[in-house]
Structure formats: C-alpha cells, structure tokens
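Try each task on your own, then follow the solution step by step.

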Amino acid sequence: MRRQRGDMVLQALLLIHVPVAFLFTTASGQSDSSSSVVVAGYNVSGTAGSKIVLQCVSGRMVWTRDEVRDRQRVVHWDMFRASPDYAMERVVDMFSAGDQRVYNSYNMGRVGLTPTAFKEGNFSLIIKDVTMNDRGLYSCNLHHLYCHLYETVRVQLNVTKSRRKEQRYWDGHKVVYVVMLGSTVALPCINRRNVWTDWSNDEEDQQVVHWDRQAPGIQHDRADRLVDLYASGEQRSYGPLFLQRKMNISNQAFAEGDFSLTISDLQPTDAGMYSCHLHHHYCGLHERREFQVNVEAPVIQTTHAPKALPAEDKDSVKAESPRVINVIVPDQRHHFLLPLGYVLTCLLLLAFIILIILLITRRRRVKEFHPQRSMRSSRSHSSSDEFEMDVTDVSVSNEEERRFDYKNNLLKEKVHVNCQPKVIDLDKEMEKFSK
C-alpha cells in the first residue's frame with residue numbers, strides 16, 4: 001500500500017510539474033523572442049532649438065516582397081577534389097520552389113536531394129552506387145537572400161572496399177563518413193529552423209520597428225513608446241500631439257531600411273535615452289540601438305565696448321612690447337622658379353647688349369686699319385665727275401674747230417673758184433652750216 005501511495009504521489013507530482021515546466025518554457029521562449037540585443041550605443045548632444053537625427057539603419061529590415069520570393073532560399077552542394085587537379089565543382093542545387101538541378105550528367109538519377117527538403121528541413125545529399133570518384137570534401141551551403149543568412153556544413157566522404165573499415169566520426173572540424181564501395185549514403189545537412197522551412201504569407205505583420213524614450217531616472221521597462229511602424233504601412237504614434245509633430249520618421253522607412261528619428265526644436269525636456277527596436281520575427285532578427293541625448297544651452301555671444309588701457313610710460317611700453325617678425329612662406333612648391341626666371345632673363349639681355357657693343361667696336365677697328373678702301377671709293381667718284389667735265393669740253397672744242405675749218409674753206413673758194421671774185425656772206429653760210 002505504501003508503495004502504491006508513493007507511486008500515486010510521484011505521478012501527481014509529475015502531472016503538476018509538466019504543465020508548470022511547459023508554461024515556464026513557453027514564457028521564457030516568448031521573452032527571448034521579444035527581447036532584443038543592444039548592437040550599438042551612441043551619445044548625441046545638441047543645443048536647445050536645434051534639430052538632431054538619430055541614425056537607425058538596417059539592410060536586413062528592407063521589405064522586398066515580390067513574385068519570386070521562393071527563389072530567395074536556395075541550397076547547393078559543392079565538392080572539393082583533393083586530387084588530381086584540386087578543383088571545386090558544383091554537384092546539385094535546389095530552390096525553395098522545388099526546382100532541383102544536377103550539374104554532371106554522370107550523376108543524373110544517382111545524386112540528388114529529397115523533394116520535400118524545404119518543408120522538412122532535411123537537405124542531406126543522397127548518393128547511390130558510390131564509386132571511388134565520389135571521394136572528396138562536400139559542403140552543404142544554405143543561402144537566404146532575403147534575411148541575409150548564410151550557413152555551411154562540411155562532410156568528408158571516403159570510400160573503402162572493406163566492410164570492417166566503415167565508420168562515421170568527428171575529426172574536430174567536420175564529419176567524416178567512410179562507406180563501402182557500391183553502397184548508398186546520405187551526407188547529413190539538417191536545419192529545421194522556421195526561416196528555412198516556412199514562408200509566411202503575412203510577412204508584413206512580422207516586421208515591426210518601434211522607438212522608445214526613457215527619461216532620466218526611469219527604468220527600461222517603464223520607457224515611453226513614441227512610434228510603431230509595420231511593414232504593411234501602418235504607423236502608430238503615441239504621446240501628445242506637439243510631441244508627435246516634433247519627431248518624424250520617413251514614409252519610405254521599410255523600402256530603404258532607414259528608420260532614423262528626426263527631432264526638431266530640441267528642448268531640455270527632450271533629454272534622455274532613446275532606443276530603436278528592430279524586430280523581424282520571420283528572419284529571427286531582434287536588435288536595439290540606444291542613443292543618449294543631451295541638450296546643451298545655446299551659446300550667447302555678447303559684445304562689450306572696448307576699454308581704454310591705463311596710461312603707461314613710453315619707455316616701459318617700448319621695453320615690454322615684443323618684436324614680431326612676419327615671415328611669409330609661399331605655399332606653392334615652385335616658388336623658387338620665379339626669381340630664377342628673372343635672373344636668367346636679365347643675363348640674356350646683358351649678353352645681347354655686350355654682343356652688339358662688340359660688333360660695333362669691331363667695325364670701327366676694321367675701318368681704322370684699312371683706310372684704302374674708302375680712298376678708292378672717293379677717287380672713283382671724283383674721276384667720274386672729271387670725266388664728265390672733259391667730255392663736255394672736248395665736244396665744245398670740236399665744234400669750234402669745225403667752224404674754223406669751214407671759214408677757211410669758204411675763203412679758199414672765194415679766191416680760187418673760177419678765178420672770179422665772189423662776195424660770200426659768211427654769216428649766212430654759218431647759219432646754214434649750223435642748220
């Protein structure tokens with residue numbers, strides 16, 4: 001009887017313990033899923049009346065829903081051959097829609113994945129009729145392009161002809177399978193997380209962003225909610241209306257992944273801890289960024305009238321006044337070329353002037369040492385003039401001689417012609433002769 005009572009008590013305790021444990025695990029799971037991890041913390045300061053922007057950007061929160069969303073999940077198996085060419089080749093890949101592609105025709109119908117891989121989370125590679133060419137290092141690669149998730153599992157496959165050598169073990173880095181030649185093997189790759197096995201049609205309800213404000217001295221669990229954003233486009237603002245107008249978030253937040261909070265007309269009452277919570281329940285993303293905002297008083301610049309200094313002795317002022325020498329250093333690197341160009345130009349002009357002076361002096365010296373050339377030239381000019389004068393004189397004398405001979409001939413004709421005297425008018429005859 002005692003034993004039966006003990007068994008009944010134990011069963012009762014088990015019946016009580018199971019629901020309590022279930023409730024505890026459920027509550028803990030919910031708290032873990034709703035909690036977020038602080039990934040960044042910032043200190044932001046601004047003057048009263050200014051505008052500040054609290055940057056909260058995440059590319060994983062961008063909502064890109066389209067018709068080919070199933071192709072955003074893919075699994076592919078690759079194999080690395082240790083010999084002879086040490087090459088990596090693609091064996092098979094498969095999209096979440098169920099499309100499977102085998103790259104080598106030799107593996108058609110012999111190597112593949114189960115059609116329900118994305119429903120069951122079992123992405124193991126099945127190889128039938130194993131051969132020696134199947135030896136190598138295999139890698140199972142899971143890619144979720146939408147959630148930016150990348151996972152890899154490596155399996156080493158060795159082939160033996162002895163059944164005694166068949167074994168499976170972990171070498172510290174990867175799983176090693178030693179299988180029999182001609183047998184069938186399934187290289188394991190199992191991941192049953194919801195992100196790989198489920199695609200929710202109400203995904204926009206699983207993406208939530210909210211901003212909280214924690215006043216100084218207030219605990220985190222009592223923070224005030226400022227705004228909630230959903231991927232569906234819904235937005236909920238909390239607090240007074242003037243506070244809602246001061247704080248703004250872009251309408252394209254989920255399209256650009258920018259959930260930054262803009263606070264205009266900053267006031268001392270706006271100081272505190274601001275937190276940006278990013279929740280993507282489908283992708284398992286729960287992040288929080290915290291911003292400690294401090295408000296500073298505006299700087300007031302006052303202008304004072306210049307005050308006259310007390311009179312001092314001139315000698316003391318002269319003695320105390322420091323001597324300052326201003327040295328101007330040009331910023332350009334080629335400032336030394338400018339004075340060098342001026343110097344070279346002056347030297348060229350000076351050389352040109354000296355050359356002209358030398359040529360003039362040389363010509364003068366040549367005239368002094370060789371005067372005959374100038375004398376000859378003067379003599380040639382005078383002789384030409386004299387020759388012209390002699391020619392004119394000779395022509396005049398010849399004309400006179402002709403006249404004189406003509407007169408003599410006329411006299412002879414007067415005496416001897418027919419022995420008869422004849423009066424001849426000499427003047428008329430001379431006029432004829434001249435004509």
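Helices (H or I, at least four residues) and strands (E, at least two) are DSSP runs, numbered from the N terminus. This is a predicted model, in which local features need pLDDT of at least 70, side-chain atom pairs count only at pLDDT 80 or more, and totals for chains, interfaces and linings use all residues. Residues are numbered from 1 along each chain as its sequence is written, and side-chain values use heavy atoms, with hydrogens and water left out.

**Exercise 1. The chain as a whole**

Task: find how many helices and strands the chain has, and what share of its residues is buried.

Solution: 
- Step 1. Going through the DSSP runs gives nine helices and 19 strands.
- Step 2. Buried means under 20% relative accessible area, exposed over 50%, and partly exposed in between (1.4 Å probe, protein chains only). Of the 435 residues in the chain, 27% are buried.
- Step 3. Now look at contacts, meaning heavy atoms within 4.5 Å. Among those between residues at least 6 apart in sequence, 57% join residues at least 24 apart.

**Exercise 2. The disulfides**

Solution: 
- Step 1. A disulfide is a covalent bond between the sulfur atoms of two cysteines. Here the rule is a pair of cysteine sulfur atoms within 2.5 Å, and the count comes to two disulfides.
- Step 2. One of them joins Cys56 to Cys276, with 2.1 Å from S to S.
- Step 3. The link of Cys140 and Cys189 is left-handed, with -65° about the S-S bond. Both Cys140 and Cys189 are buried.
- Step 4. For another cysteine, look at Cys346: at 51% relative accessibility, Cys346 counts as exposed.

**Exercise 3. An aromatic pair**

Task: describe how the rings of Tyr42 and Phe291 are arranged.

Solution: 
- Step 1. Rings of Phe, Tyr and Trp (its six-membered ring) pair if their centres lie within 6.5 Å; planes under 30 degrees apart count as stacked, over 60 as edge-to-face and the rest as tilted. The structure holds four such pairs.
- Step 2. Tyr42 and Phe291 are 5.1 Å apart, centre to centre, with 20° between the planes, and the pair is stacked.
- Step 3. Tyr42 lies in strand β1 (residues 37-47) and Phe291 in strand β19 (residues 285-296), so the pair ties together parts that are 249 residues apart in sequence.
- Step 4. Tyr42 is partly exposed, at 41% relative accessible area, whereas Phe291 is buried, at 2%.
- Step 5. Ring pairs also bring in Trp211, giving a cluster of Tyr42, Trp211 and Phe291.
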